[in-house]
Amino acid sequence: MPTVHLLDYVAGNVRSLVNAIRKVGYEVEWIKSPEEIRNAEILILPGVGHFGHCLSQLAAGGFLEPVRKHIESGRPFMGICVGLQALFSGSDEDPKVPGLGLIPMRLRRFDDSNKSVPHIGWNSARSTSQEGSTSTTLYGLRPDSKYYYVHSYAVPYEAGVLEKEGWSVATAMYGEEEFVGAIARGNVFATQFHPEKSGQAGLRTIRAFLTGQKFESFEISPREAEKQDGLTRRVIACLDVRTNDEGDLVVTKGDQYDVREKDGINSGGKIRNLGKPVDMARKYYEQGADEVTFLNITSFRNCPLKDTPMLEILRRTSETVFVPLTIGGGIKDSVDTDGTQVSALDVATMYFKSGADKISIGSDAVIAAEEYYKNGRKLTGKTAIEQISKAYGNQAVVVSVDPKRVYVNGPGDTSHHTIKTAYPNAQGQDTCWYQCTIKGGRESRDLDVRQLVQAVEAMGAGEILLNCIDKDGSNSGFDLELIRDVKAAVKIPVIASSGAGHPVHFEQVFKETPADAALGAGMLLGKVAGGRY
Ligand code: 1PR
């Protein structure tokens, strides 16, 4: 099998890239020292996270010059995400750190005044080379396909500037901003999106690069030729996973966070076993899920961290699922079975190495937010959110929020931020606030959802997974009031969760709220807790 050399200079999910390269028929070898680059025929520079961090790591490891030489030698080179950014002279993300400088342009942060940043999700990579109704695209990119992006900084596109230097360019629109999605010149190809996370369309691009299929022509429709915001709102399939009474890790689902079988009225029966996590994740991917999320809802471990069954589940899932994977549950500082202290960052690192693109933090985020307000909104740098987002970028850190409604007579009855609701309770109260909970909803805290999301945004969380205990497993639709309220409070993307029971609920949440993504669990299992299906 032909071999591709990968430069693993920085932490992150490189497993998925390896799996994608193998999937299209190539073997992978790691470059561990700068000298090894000399012997590489095809070199891929992946990258996630922070520009400055990645480029400093490359410089400190002595890789920059050998990479430059590889490019000059005419051997195939591909950069992915920060691997594309590295080709430019610098980024506003870290102005002190220079890039490779192959292209004398800089990356800028997206304007967040009227859209979420980071830019996360599926967007286009449309060739700027168009004549009439024919578009000449690069390396398997198609005008009607979407690709998975996750970044806050991008190269703004200025018509003709890169093309004048011989580059072929594909762009995407985010809001009003057009930016570089992919570039190619000679032996160099680079994508801002993650082809290894872009499903079949991404695999096609990797294959085309590796086999040297550079240009392809497509007839495009007038609609495809139009420049418009191409970001689609994501549909996320969620698998709540836990150990059942027999000790197996199973997919389960309940309502209002109760996952035990109900014998008529009482709960307390066996844990519902609704399938095997790896098989179900693959099924969701094949059915078109934009992302897959695993929530280890008990997050209980009685084995050493390195043997946690979730790690194996991620490894196996990433062999067949080529869309982003998120893992939540138990991401916090903890003590391993042999008594060693393990930081939340170490736990997250194991998940990233096993194939996760994002980790999701629940209970620990609430505690951290409480501390944040107690300290007069001062950041300590010590929280799991701060440490993980610093190392892996904020796009890798999701905060999963488990709020529930608390009804009051009026805003004056509580110090918390309230909303007026169109759904009063049985006592006729039409004002409520959303109280944060921890430990899977078992413990309520004196913190409202708005306080929580603003605190974690300040700490560096990149996305909010907004559950709602009142709606969980109800199949009655999302809590639109909650979603609007949280969206208005933060700039980072918000994933609507809890209550999806029918495809129309996704349509509704996207039409009636600015949610960036929506997640379903029970509905996708076909049969839902309590036998409502
Ligand atoms: O606190 O960092 O260890 O994380 C634990 C994670 O597990 C949190 O993200 C928390 O939301 C989740 N969790 C804990 N207990 C339960 C439970 O069900 N007993 N599941 C639980 C939460 C919420 C969603 C669910 C949506 C959509 N499940 O993941 O999938 O509500 O459901 P629906 O579409 O069927 O309505 P930590």
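**Before starting.** I am working with a predicted model, in which local features need pLDDT of at least 70 and side-chain atom pairs count only at pLDDT 80 or more, while totals for chains, interfaces and linings use all residues. I number residues from 1 along each chain as its sequence is written, and side-chain values use heavy atoms, with hydrogens and water left out.

**Entry 1, α1 and α9.** I looked up how helix α1 (residues 15-23) packs with helix α9 (residues 309-320), and I found an angle of about 40° with the axes 8 Å apart. That angle makes α1 oblique to α9, where angles under 35 degrees count as roughly parallel, over 145 as roughly antiparallel, 65 to 115 as roughly perpendicular and the rest as oblique. Axes here are lines fitted to C-alpha atoms, for helices over the stretch in contact, and angles run from 0 to 180 degrees between N-to-C directions. Helices (H or I, at least four residues) and strands (E, at least two) are DSSP runs, numbered from the N terminus. On the α1 side I noted Arg15, Ser16 and Asn19, which meet Arg315, Ser318 and Glu319 of α9, contact meaning heavy atoms within 4.5 Å. By class, the residues of this contact of α1 with α9 are three polar, three charged and no nonpolar; Ala, Val, Leu, Ile, Met, Phe, Trp, Tyr, Cys and Pro count as nonpolar, Asp, Glu, Lys and Arg as charged, and the others, Gly among them, as polar.

For helix α13 (residues 449-459) and helix α14 (residues 480-489) I read an angle of about 35°, with the axes 9 Å apart. The contact of α13 with α14 has six nonpolar, one polar and three charged residues. Among the residues that meet are Val449 and Val453 in α13, and Leu482 and Val486 in α14.

I then turned to Leu466 in strand β29 (residues 463-466). Leu466 has a relative accessible area of 0% and is therefore buried (buried means under 20% relative accessible area, exposed over 50%, partly exposed in between, with a 1.4 Å probe and protein chains only). Leaving aside neighbours within four places in sequence, the contacts of Leu466 include Val401, Val449, Leu482 and Val486.

Thr437 sits in strand β27 (residues 431-438) and counts as buried at 2% relative accessibility. Its side chain reaches the backbone oxygen of Asp402 at 2.5 Å. Lys197, in the loop between β15 (188-191) and α6 (199-210), also counts as buried, at 2% relative accessibility. Not counting residues up to four places away in sequence, Lys197 touches, among others, Ser16, Trp122, Tyr148 and Asp357.

Most residues other than glycine have a negative phi, and most peptide bonds are trans. Phi of Tyr257 is near 70°, a positive value in a residue other than glycine, and Tyr257 is partly exposed, with a relative accessible area of 26%. Ser498 has a positive phi of about 85° although it is not a glycine, and Ser498 is buried, with a relative accessible area of 7%.

Key. A polar contact is a pair of N or O atoms within 3.5 Å; within protein, one must be able to donate a hydrogen and the other to accept it, and residues adjacent in sequence count only if both atoms are side-chain atoms.
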